[in-house]
Amino acid sequence: MNSGGIEFVMMTVLIQQVCWKNEQHCLHYYQLLNTLATSAVTGFEKPLDWQAFQKVIEVLAPHPYASAFLAYDTETNTPVGALTCYENFSTFYFAPVFNIHDLVVHPHARGKGVATALMAHVEALAKAENAVNIIVTGK
């Protein structure tokens, strides 16, 4: 229990890199980003158009420094989170920098460690690349 008396039950998740040739991955990524787009947090507050979203897939698929990840609840095998990141380069440290652009957790999975698992996954990747920083951008 935390100090507020609310008990959190952690969720076990499997992190998978989005395979842009996998239609189910693309659909899950779209659905989760749509959850973010329609929330008041972004200020966008309207659904993403699936046809227009195809352009996002077309641009990200061949991009060598863009990665997207999905978190799946291991009990139900349902997508519960997504993260998009880009590898950049620091001109001061002459080393990679990771930029996290999108991070979304499905409302029913919030407070259960999904975002922490996604961030830990990116942190491990950044360490493997000897990155000097992980930057979270957005609202």
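**Exercise 1. Determine what share of the contacts in the protein with a separation of 6 or more comes from residues 24 or more positions apart.**

Solution. Begin with the term itself: a contact means heavy atoms within 4.5 Å. Among contacts with a separation of 6 or more, residues 24 or more positions apart account for 57%. This is a predicted model, in which local features need pLDDT of at least 70 and side-chain atom pairs count only at pLDDT 80 or more, while totals for chains, interfaces and linings use all residues. Residues are numbered from 1 along each chain as its sequence is written, and side-chain values use heavy atoms, with hydrogens and water left out.

**Exercise 2. List the elements of the protein in order, and work out how strand E3 pairs with E2 and with E4.**

Solution. Helices (H or I, at least four residues) and strands (E, at least two) are DSSP runs numbered from the N terminus; there are three helices and five strands, in the order β-α-α-β-β-β-α-β. Two strands pair if DSSP finds at least two bridges between them. Strand E2 (residues 66–73) runs antiparallel to E3 (residues 79–90) and is joined to E3 by seven bridges, with phenylalanine 69 opposite leucine 83. Five residues separate E2 and E3 in their hairpin, and asparagine 77 in the turn has a positive phi of about 55 degrees. On to E4 (residues 95–105): E3 pairs with E4 in the antiparallel sense over 10 bridges, and glutamate 87 has phenylalanine 98 in E4 as its bridge partner. The hairpin of E3 and E4 has four residues between the strands, and there phenylalanine 94 takes a positive phi near 55 degrees.

**Exercise 3. Find how many aromatic pairs the whole structure holds, and classify two of them.**

Solution. Rings of Phe, Tyr and Trp (its six-membered ring) pair if their centres lie within 6.5 Å; planes under 30 degrees apart count as stacked, over 60 as edge-to-face and the rest as tilted. The search finds five pairs. In one of them, tyrosine 29 and phenylalanine 53 have ring centres 5.9 Å apart and planes at 45 degrees, so this pair is tilted. Tyrosine 29 lies in helix H1 (residues 23–37) and phenylalanine 53 in helix H2 (residues 50–60), 24 residues apart, and both residues are buried. For tyrosine 30 and tryptophan 50, the centres are 4.8 Å apart and the planes at 75 degrees, so the pair is edge-to-face. Tyrosine 30 is buried at 12% relative accessible area, whereas tryptophan 50 is partly exposed at 30%. Trp20, Tyr29, Tyr30, Trp50 and Phe53 form one aromatic cluster.

Terms used. Buried means under 20% relative accessible area, exposed over 50%, partly exposed in between (1.4 Å probe, protein chains only).
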